[in-house]
Amino acid sequence: MAKHQSPVQPTAGPPFAAAVKADPARFLAKAFADPLSGAFSERFAIHAGRAGEPVSGPEAARAHLERLASPGGSCAFYVHLPFCRGRCLFCGFAGRSPDGGAGAAYCEAAASEIEFMAGAVGQRGPVRAVYFGGGTPSSMAPADLARLLSAVRSCLPLANDCEITLEGAVHDFTPDAASAFLDAGFNRFSIGIQRPSTPPCGGAWAA
Ligand code: SF4
């Protein structure tokens with residue numbers, strides 16, 4: 001384990017806002033420290049549920065199907081793809097590389113689940129937005145994403161003008177990959193950028 005990687009500690013006890021109030025210095029980066037190894041003395045999770053009771057698989061599936069089967073108006077559909085090419089130092093999300101068939105197997109399983117639950121969707125719809133998020137879905141093979149999106153499009157009542165988003169990293173959107181994503185049916189890309197430029201190696205940021 002590299003020295004900047006310490007186990008993630010759930011923030012048990014007081015809620016996050018109270019924890020910040022009790023010890024604000026714990027949540028601020030140390031000035032003048034190496035940002036990769038010394039900015040914080042520990043890693044901690046702030047996301048809801050990290051210190052809570054997990055929901056059982058069958059219970060979650062039952063609640064999901066009941067919600068889908070209930071009558072309702074327009075809705076949105078989110079597909080989670082927990083795959084990334086690298087691992088950001090601050091990230092506490094579950095994730096892994098899509099290589100070695102892992103991404104393809106996940107997309108196939110997710111497509112099968114969508115096809116299974118399509119019959120339970122009942123009167124819901126139309127679906128006005130579909131979002132493939134993660135993770136870094138753009139790091140996955142376009143053919144695998146196309147297979148999954150095909151299941152979404154054939155099984156769910158998408159609106160004619162449905163917004164279909166692929167979340168990703170800018171370096172994944174090569175001309176070939178971007179064309180393949182568009183051909184698959186995505187009509188919106190959501191790209192996260194931390195800085196619009198990179199400083200020279202060992203250099204400083206320009207003002
Ligand atoms: S890209 Fe996002 S999900 Fe992937 S490791 Fe970085 S912060 Fe975590």
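**View 1. The shell around the ligand.** Ala, Val, Leu, Ile, Met, Phe, Trp, Tyr, Cys and Pro count as nonpolar, Asp, Glu, Lys and Arg as charged, and the others, Gly among them, as polar. By this division, the shell around the ligand holds 4 nonpolar residues, 4 polar ones and 1 charged. The residues concerned are C84, R87, C88, C91, F93, G95, G134, G135 and T136; a residue belongs here if its C-beta atom, placed from the backbone, lies within 6 Å of the molecule. The model is predicted: local features need pLDDT of at least 70, side-chain atom pairs count only at pLDDT 80 or more, and totals for chains, interfaces and linings use all residues. Numbering starts from 1 along each chain as its sequence is written.

View 2. Helices (H or I, at least four residues) and strands (E, at least two) are DSSP runs, numbered from the N terminus. In the order 3-4-5-6, 4 strands form an open sheet with parallel pairing, where two strands pair if DSSP finds at least two bridges between them. Strand 3 (75-81) and strand 6 (188-192) are the edge strands, each pairing on one side only. From one strand to the next, the twist averages 20°, with axes as lines fitted to C-alpha atoms and angles running from 0 to 180 degrees between N-to-C directions.

**View 3. The pairing of strands 3 and 4.** Over 7 bridges, strand 3 pairs in the parallel sense with strand 4 (residues 127-134).
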